Amino acid sequence: MGEGSRRHEENTMNGMDGQGTGLSGTSSSENQEMPQKSRKKLAIGIVIAVMLVAVIAIYRYMTQADPGRSQDAYLQMQQAMIDAMPDPYGNTVDFEALWEINADVIGWLKVPGTNVDYPILCSVEKADDYYLNTTIDHKAGLPGSIYIEKYNMVDFSDPVTVVYGHNLKDKTMFSQLHKYEDEAFFKEHPYFYIYQPGRTFKYHIFAAVAFDDRYILGDYGSFQEDAEFSRYVSDLKAQMTGHINGTVNVQPEGHVVSLSTCIAGHPNQRWIVSGLLVDVLEKK
């Protein structure tokens, strides 16, 4: 290709004809307008992009959980919705206010000596693990909620009820159940409480142990037989890691609640704190 032809092609590619008179087939005024139109389109595009980013950010804020904000919200609930007594057995909870936040609230759990002081949820419509990563205000993600599955009775009348919660780095939710790894703490804090409208359940802790990750409600036949209940209690007491209070007389006619959480670095194990129902305080 000759030098003249190359220059002509370069000029054509740059929007110029061979005489330098402007775009081929267009006037010079039209040539001046196009950059202005392009700038206007670019500005509109930038505004739309910024608005889209803002909408996404707002959506995430409204629908995605934040552990810090969630814990602050739980602390506010504790202050506003619990009438605390010197003996936590006498505490009362404003369930009407909780139901305005989430109708799936079925109780409130308190473990003295820890910060485990949360509502308990249960969904009969969602997936079994819905509340594992969904907060009480239906935001997705950690810290999730304290919950039971729909296979357990919401009045805690089953032979064994399993309550689940996360073990988190910020030491919220069920993280401080690991305090029961310390024998002195295990002996000094022998009870936990579950509050429901008009009554409080008192549980005497008989086992705080590292268990395997089997599905408890399924592996023991939903505890339909006394033998399955006895096998579960025996399996808890047989664990090598943890503590047992042998003075708590756990019989098949009893009602056990097992609080279950993960063990850091051991994905195939669960830390389980189990208590036997020993008293019910009825309230007007």
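Tutor: Helices here are DSSP runs of H or I with at least four residues, strands are runs of E with at least two, and both are numbered from the N terminus. On that basis the chain of this predicted model has 7 helices and 11 strands. Of its 284 residues, 40% count as buried. Among contacts between residues at least 6 apart in sequence, 62% join residues at least 24 apart. The accessible surface is about 15,700 Å², and carbon and sulfur atoms account for 54% of that surface.

Now to the space itself. Rolling a probe the size of a water molecule over the atoms shows where empty space is left. The largest pocket has a volume of about 330 Å³. Its lining consists of 17 residues, and those nearest the centre are Tyr 147, Tyr 164, Asp 213, Ser 260 and Arg 270. By class, the lining splits into 8 nonpolar, 4 polar and 5 charged residues. At least two lining residues come from each of β6 (160-164), β10 (256-263) and β11 (266-282). The largest share is that of β10, which supplies 3 residues.

About 30 Å³ lies in the largest cavity. Tyr 147, named above among the residues nearest the pocket centre, is also part of the cavity lining, together with Cys 122, Ser 123, Ala 127, Asp 128, Tyr 130, Tyr 131 and Ile 148. That lining has 6 nonpolar, 1 polar and 1 charged residues.

Some backbone details belong to loops beside the strands already named. The loop between β4 (117-121) and β5 (146-147) contains Pro 143. The peptide bond leading from Leu 142 into Pro 143 is cis, with omega near 15 degrees. Met 173 is not a glycine, yet its phi is positive, at about 55 degrees. Met 173 counts as buried because its relative accessibility is 0%, and the cut-off for buried is under 20%.

Phe 223 also has a positive phi without being a glycine, at about 60 degrees. Its place is the loop between α6 (216-219) and α7 (226-237). With a relative accessible area of 4%, Phe 223 is therefore buried.

Key. Residues numbered from 1 in each chain as written. Predicted model: local features only at pLDDT ≥ 70, side-chain atom pairs only at ≥ 80, totals over all residues. Heavy atoms only, no water. 1 Å grid on protein atoms, 1.4 Å probe; cavity = no way out; pocket = protein on both sides within 12 Å on 5 of 7 lines; lining within 4 Å. Points joined across faces, edges and corners; volume = space filled by probe spheres on them. Nonpolar A, V, L, I, M, F, W, Y, C, P; charged D, E, K, R; others polar. Buried < 20%, exposed > 50% of the residue type's maximum accessible area, 1.4 Å probe, protein only. Contact = heavy atoms within 4.5 Å. Areas by Shrake-Rupley, 256 points an atom, 1.4 Å probe, with all protein chains shown as cover.
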